[in-house]
Amino acid sequence: MIKLEQINRVFRTSEVETTALHNIDLHVEQGDFLAIMGPSGCGKSTLLSILGMLDSPTSGTYRFADQAIERYSEQQLAELRKRQLGFIFQSFNLIDDLTVAQNVELPLIYQKVAKKQRQEQVQAMLTRVNLAHRAGHLPQQLSGGQQQRVAIARALVCNPSLILADEPTGNLDSQNGEEVMQLLQQLNRDGTTIVMVTHSEQDALYGNKTVRLLDGEIISHERPAAQHSMPEAAYA
Ligand code: ADP
Ligand code: MG
């Protein structure tokens with residue numbers, strides 16, 4: 001699905017030059033759940049931005065579904081992002097004065113989906129993240145774990161082929177974090193490919209691959225042996 005070859009990203013200001021990523025080679029296969037780990041400042045968010053087509057590498061090639069996206073215009077990239085990618089952030093990024101259902105509906109409005117179909121898709125998505133009973137609530141009325149599940153529903157409602165998550169449990173206590181990880185695991189088992197930046201060794205075990213970054217370089221590729229099992233009715 002994704003092939004990065006010899007990706008470099010250099011940030012230049014008048015005074016300093018920072019090599020945020022150095023000769024990154026990375027393959028993501030369809031169905032993968034990849035965890036990206038490493039200390040603060042090692043390039044994790046830069047890598048995720050490049051994977052998400054929000055930033056371009058200084059050099060190297062990025063193939064998405066066998067297309068070399070360097071050749072794409074801004075508009076073509078935006079289109080690809082809208083159709084294929086879903087984003088999840090540490091801070092949820094929900095709109096406070098829209099209801100749960102309205103937050104999840106937003107990407108469908110941008111995609112000009114008809115109203116009746118929007119309502120059906122929102123309902124189906126909220127059922128899938130087990131929040132149909134909270135459709136009319138405001139984000140502030142929900143727990144952190146529930147808010148992140150709304151954000152996940154919003155990321156998934158346009159049926160993306162890839163979810164990119166930057167520390168999705170970073171603002172959650174361990175119980176809420178686990179609930180979010182179990183949901184991501186379920187979505188991955190249902191077929192969504194996931195790339196997740198995390199600081200948590202525990203969270204990385206939900207994935208099938210881990211890469212570790214240090215000073216902008218990949219220092220290891222691993223396949224965690226111990227995968228979490230799915231308890232029944234993991235979240236409510
Ligand atoms: P991480 O997410 O692993 O904490 P980042 O990808 O945010 O790391 O940053 C990697 C390096 O690149 C850091 O040294 C950071 O200061 C630098 N960097 C990131 N974004 C920019 C930018 N827009 N301009 C200049 N330097 C940046
Ligand atoms: Mg970061």
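The model is predicted, so keep its ground rules in mind: local features need pLDDT of at least 70, side-chain atom pairs count only at pLDDT 80 or more, and totals for chains, interfaces and linings use all residues. Residues are numbered from 1 along each chain as its sequence is written, chains are lettered from A and ligands numbered from 1 in the order in which they are written, and side-chain values use heavy atoms, with hydrogens and water left out.

**Helices side by side**

Let's start with the helices. Helices (H or I, at least four residues) and strands (E, at least two) are DSSP runs, numbered from the N terminus. How far apart are the axes of H3 (residues 100–110) and H5 (residues 144–156)? They are 7 Å apart, and the two helices pack at an angle of about 30 degrees. Here an axis is a line fitted to C-alpha atoms, for helices over the stretch in contact, and angles run from 0 to 180 degrees between N-to-C directions. That makes H3 roughly parallel to H5. The label goes by angle: under 35 degrees is roughly parallel, over 145 roughly antiparallel, 65 to 115 roughly perpendicular and the rest oblique.

The crossing of H3 and H5 is right-handed. To picture that, a crossing is left-handed if the near helix is turned anticlockwise from the far one by less than a right angle, and right-handed if clockwise. On the H3 side, the contact (heavy atoms within 4.5 Å) is made by Val100, Asn103, Val104 and Pro107, and on the H5 side by Val150, Ala153 and Arg154. Sorted by class, the contact of H3 with H5 has five nonpolar, one polar and one charged residues. For these classes, Ala, Val, Leu, Ile, Met, Phe, Trp, Tyr, Cys and Pro count as nonpolar, Asp, Glu, Lys and Arg as charged, and the others, Gly among them, as polar.

H5 has another partner, H6 (residues 174–189): these two pack at an angle of about 25 degrees, with their axes 8 Å apart. H5 and H6 are therefore roughly parallel to each other, and H5 passes H6 in a right-handed crossing. From H5, the residues involved include Gly144, Gln148, Ile152 and Leu156, and they meet a set in H6 that includes Val180, Leu183 and Leu187. The contact of H5 with H6 divides into six nonpolar, five polar and two charged residues.

H3 also has buried residues: Val100, Asn103, Val104, Glu105, Leu106, Pro107 and Leu108. "Buried" means under 20% relative accessible area, "exposed" means over 50%, and "partly exposed" is in between (1.4 Å probe, protein chains only). The buried residues of H3 pack against H4 (115–128) and H5.

Now for some single residues. The contacts in the table leave out residues up to four places away in sequence.

| Residue | Relative accessibility | Touches |
|---|---|---|
| Leucine 47 | 0% | Leu4, Leu21, Ile24, Leu26, Ile36 and Leu213 |
| Isoleucine 152 | 0% | Ile88, Val180, Leu183, Leu184 and Leu187 |
| Glycine 86 | 2% | Ala155, Pro160, Leu162, Ile163 and Leu164 |

Where do they sit? Leucine 47 is in helix H1, isoleucine 152 is in helix H5, and glycine 86 is in strand S6 (residues 85–89).

**Backbone angles to look at**

Most residues other than glycine have a negative phi. Methionine 53, though, has a positive phi of about 60 degrees. Methionine 53 lies in the loop between helix H1 (44–51) and strand S4 (59–64), and is buried, with a relative accessible area of 4%.

Asparagine 159 also has a positive phi, near 60 degrees. Asparagine 159 is in the loop between H5 and strand S7 (162–166). Is asparagine 159 buried or exposed? At 63% relative accessibility, asparagine 159 counts as exposed. Just after H3, lysine 112 takes a positive phi of about 60 degrees as well.

**A pair of rings**

A search of the whole structure finds one aromatic pair. Phenylalanine 87 and phenylalanine 89 are stacked, at 6.4 Å centre to centre and 10 degrees between the planes. Rings of Phe, Tyr and Trp (its six-membered ring) pair if their centres lie within 6.5 Å; planes under 30 degrees apart count as stacked, over 60 as edge-to-face and the rest as tilted. Phenylalanine 89 counts as partly exposed, at 32% relative accessibility.
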